[in-house]
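Here's a quick briefing on the structure shown below. Have it open while you read, and start with the helix pairing.

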Amino acid sequence: MHFIIRRSKDLHFAMKMHRMLIGTDPYKDLNIESNVWYVKRWIHSGVPVAYATSLDNEEGGWSYLNSCGVLAIARGHGLQRRLIRARVQHANRLGLTPITYTLASNSYSVNNLVACGFRAYNPSYPWIGEDNVVYWIRK
């Protein structure tokens, strides 16, 4: 299968996918400043099968990879990893340090972040909390 990653300005789409795949209130994680990426299946219908978002803070010098999800029918094709890399490239172009977090129990995300060069770290302000959370940075 062939997939294509594209940038988008469609935050509504990202919120819909976030609600469906992550199951939490997207308004807590996404805002109007969020960057949105989506993945379309090239061959069949061209329907989006994955999404990812990031939030840039040029003043703080970081880009927060804040949400990503892949539909079950498209899993196993490395899409989460490709979406991590797309957001890292975006951050690098802006001279920002990519940061994110995962739940300790989310082994798929942990493995993909490590494969993309992230390492665990302790932020000065743990913005999500400290219970069952791992913070990641890529330098």
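In this predicted model, Gln80, Arg81, Ile84 and Arg85 are the residues that H3 brings to its contact with H4. On the H4 side, they meet Tyr108, Ser109, Asn111, Asn112, Leu113 and Ala115. Sorted by class, this H3–H4 contact comes out as four nonpolar, four polar and two charged residues.

**How H3 and H4 cross**
- Helix H3 covers residues 79–93 and helix H4 covers residues 107–115.
- The two pack at an angle of about 45°, and their axes lie 10 Å apart.
- Angles under 35 degrees would count as roughly parallel and 65 to 115 as roughly perpendicular, so H3 and H4 are oblique to each other.
- As for handedness, H3 and H4 make a right-handed crossing.

**What H4 buries**
- Ser109, Val110, Asn112 and Leu113 are the buried residues of H4.
- Ser109, Asn112 and Leu113 also turn up among the H4 residues that meet H3.
- H3 is one of the packing partners for the buried residues of H4, and the others are strand E5 (97–103) and E7.

- Which residues touch His90, once you set aside its neighbours within four places in sequence? They are Arg7, Asn35, Trp37, Ser54 and Asp56.

**Gly117, just past H4**
- Just after H4, Gly117 has a positive phi of about 90°.
- Gly117 sits in the loop that runs between H4 and E6.
- Its relative accessible area is 43%, so Gly117 is partly exposed.
- Ignoring neighbours within four places in sequence, Gly117 is in contact with Ile137 and Arg138.
- Take Met15 as a reference point: Gly117 is 102 residues away from Met15 along the chain, and their C-alpha atoms are 27 Å apart.

**Asn132, another backbone to look at**
- Asn132 has a phi near 60°, which is positive even though the residue is not glycine.
- Most residues other than glycine have a negative phi.
- You'll find Asn132 in the loop between strand E6 (119–121) and strand E7 (133–137).
- Asn132 counts as partly exposed, as its relative accessibility is 42%.

**Zooming out to the whole chain**
- The protein has four helices and seven strands, and along the sequence they follow the pattern β-α-α-β-β-β-α-β-α-β-β.
- Taken along the principal axes, the C-alpha atoms fill a box of roughly 45 × 30 × 30 Å.
- Buried residues account for 44% of the 139 residues in the protein.
- Looking at contacts between residues at least 6 apart in sequence, 57% join residues at least 24 apart.

Note on methods: Residues are numbered from 1 along each chain as its sequence is written. This is a predicted model: local features need pLDDT of at least 70, side-chain atom pairs count only at pLDDT 80 or more; totals for chains, interfaces and linings use all residues. Side-chain values use heavy atoms; hydrogens and water are left out. Axes are lines fitted to C-alpha atoms, for helices over the stretch in contact, and angles run from 0 to 180 degrees between N-to-C directions. Angles under 35 degrees count as roughly parallel, over 145 as roughly antiparallel, 65 to 115 as roughly perpendicular and the rest as oblique. A crossing is left-handed if the near helix is turned anticlockwise from the far one by less than a right angle, and right-handed if clockwise. Contact means heavy atoms within 4.5 Å. Ala, Val, Leu, Ile, Met, Phe, Trp, Tyr, Cys and Pro count as nonpolar, Asp, Glu, Lys and Arg as charged, and the others, Gly among them, as polar. Buried means under 20% relative accessible area, exposed over 50%, partly exposed in between (1.4 Å probe, protein chains only).
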